[in-house]
Amino acid sequence: MSPQLARDGGIEHLSLTVARQRLEAIAEAMRSIRLCNRPNCRYRDIAVEVSVHDGGAEPFYEGSIDAMIDRPSGSLDRAHYRLQFRQGRWQLLGGEEVSDVSSFFFEGDTYEVFSAYGTRSHKAKLADAGSNLRVGYRELYYRVFDRGQERLH
């Protein structure tokens, strides 16, 4: 049995410590993402949290990543992402990014944006978004994760 796995009733589970370490590695990869052309336009103050949930016969982990995003705006933007550990890897479920002029909400590969300058929201798929969609979630979904699934090295 791998030292990363714990045995519970004949079923092997990734330990909470290892699940947390893998989520922290994801957060570390986020630090290298540039969200605009300015060199300091990055994630800041990244914090991770992992909790265990009883899924009946198979317990699972839920995680969250909270961060500030330094972009050219009047204030630091806030990001919150939700994750779940299933089938041996972290999966990016969704989240939100809030700035002084807009709010983005994400579910899987879909986003919805609410702007302070408009009265209607816009909903679309990340894959259909133009290159001017500068949100951290998109970079996280495709560059750090593999279409929302943790990359296993």
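## The disulfide

The S-S torsion of C36 and C41 is about 135°, so their disulfide is right-handed. The sulfur atoms of C36 and C41 are 2.3 Å apart. This structure is a predicted model, and it holds one disulfide. Both C36 and C41 are buried.

C36 sits in the loop between α1 and β3. Its relative accessibility is 15%. The cut-off for buried is under 20%, so C36 counts as buried. Beyond four places in sequence, C36 contacts C41, P72 and R134. P72 is 36 residues from C36 along the chain, yet the two C-alpha atoms are separated by 8.5 Å.

## Confidence in the model

The mean pLDDT of the protein is 86. A value of 70 or more is reached by 90% of the residues.

Residues 1-12 call for care. Their pLDDT stays under 50. The model gives this stretch 16 contacts beyond four places in sequence. Where pLDDT is low, predicted coordinates should not be read in detail.

## Overall architecture

The protein has two helices and 11 strands. From the N terminus, the order of elements is β-β-α-β-β-β-β-β-β-β-α-β-β.

Of the 153 residues, 41% are buried. The protein exposes about 8800 Å². Among contacts between residues at least 6 apart in sequence, 42% join residues at least 24 apart.

## Helix α1

α1 has 15 residues. The helix reaches 21 Å from its first C-alpha to its last. That is close to the 21 Å expected at 1.5 Å a residue.

The buried residues of α1 include V18, A19, R22 and L23. I26, A27 and M30 are buried in α1 as well.

## The nonpolar core

In soluble globular proteins, nonpolar side chains tend to be buried together. Here the largest nonpolar core has 39 residues. Y43, I65, Y81, W90 and Y111 have the most contacts inside this core. Both helices contribute: α1 (16-30) and α2 (136-144) each supply at least two core residues. The strands β3 (43-53), β4 (60-69), β5 (77-86), β6 (89-98), β7 (102-107) and β8 (110-115) each supply at least two as well. The largest share, six residues, comes from α1.

Y111 is one of the residues with the most contacts inside the core. Leaving aside neighbours within four places in sequence, Y111 is in contact with F104, F105 and F106, among others. Further contacts of Y111 include H122, K123, A124, K125 and L126. A129 and L133 are also in contact with Y111.

## S102 in strand β7

S102 lies in strand β7. Its relative accessible area is 15%, so S102 is buried. Not counting residues up to four places away in sequence, S102 touches E97, V113, F114 and S115.

Conventions
Residues are numbered from 1 along each chain as its sequence is written. This is a predicted model: local features need pLDDT of at least 70, side-chain atom pairs count only at pLDDT 80 or more; totals for chains, interfaces and linings use all residues. Side-chain values use heavy atoms; hydrogens and water are left out. A nonpolar core is a set of buried Ala, Val, Leu, Ile, Met, Phe, Trp, Tyr and Cys residues joined through side-chain atoms within 4.5 Å. Buried means under 20% relative accessible area, exposed over 50%, partly exposed in between (1.4 Å probe, protein chains only). Helices (H or I, at least four residues) and strands (E, at least two) are DSSP runs, numbered from the N terminus. Contact means heavy atoms within 4.5 Å. A disulfide is a pair of cysteine sulfur atoms within 2.5 Å. Accessible areas come from the Shrake-Rupley method with a 1.4 Å probe; for residues, only the protein chains shown count as cover. pLDDT is the predictor's confidence in each residue, from 0 to 100. The expected span of a helix is 1.5 Å times one less than its number of residues.
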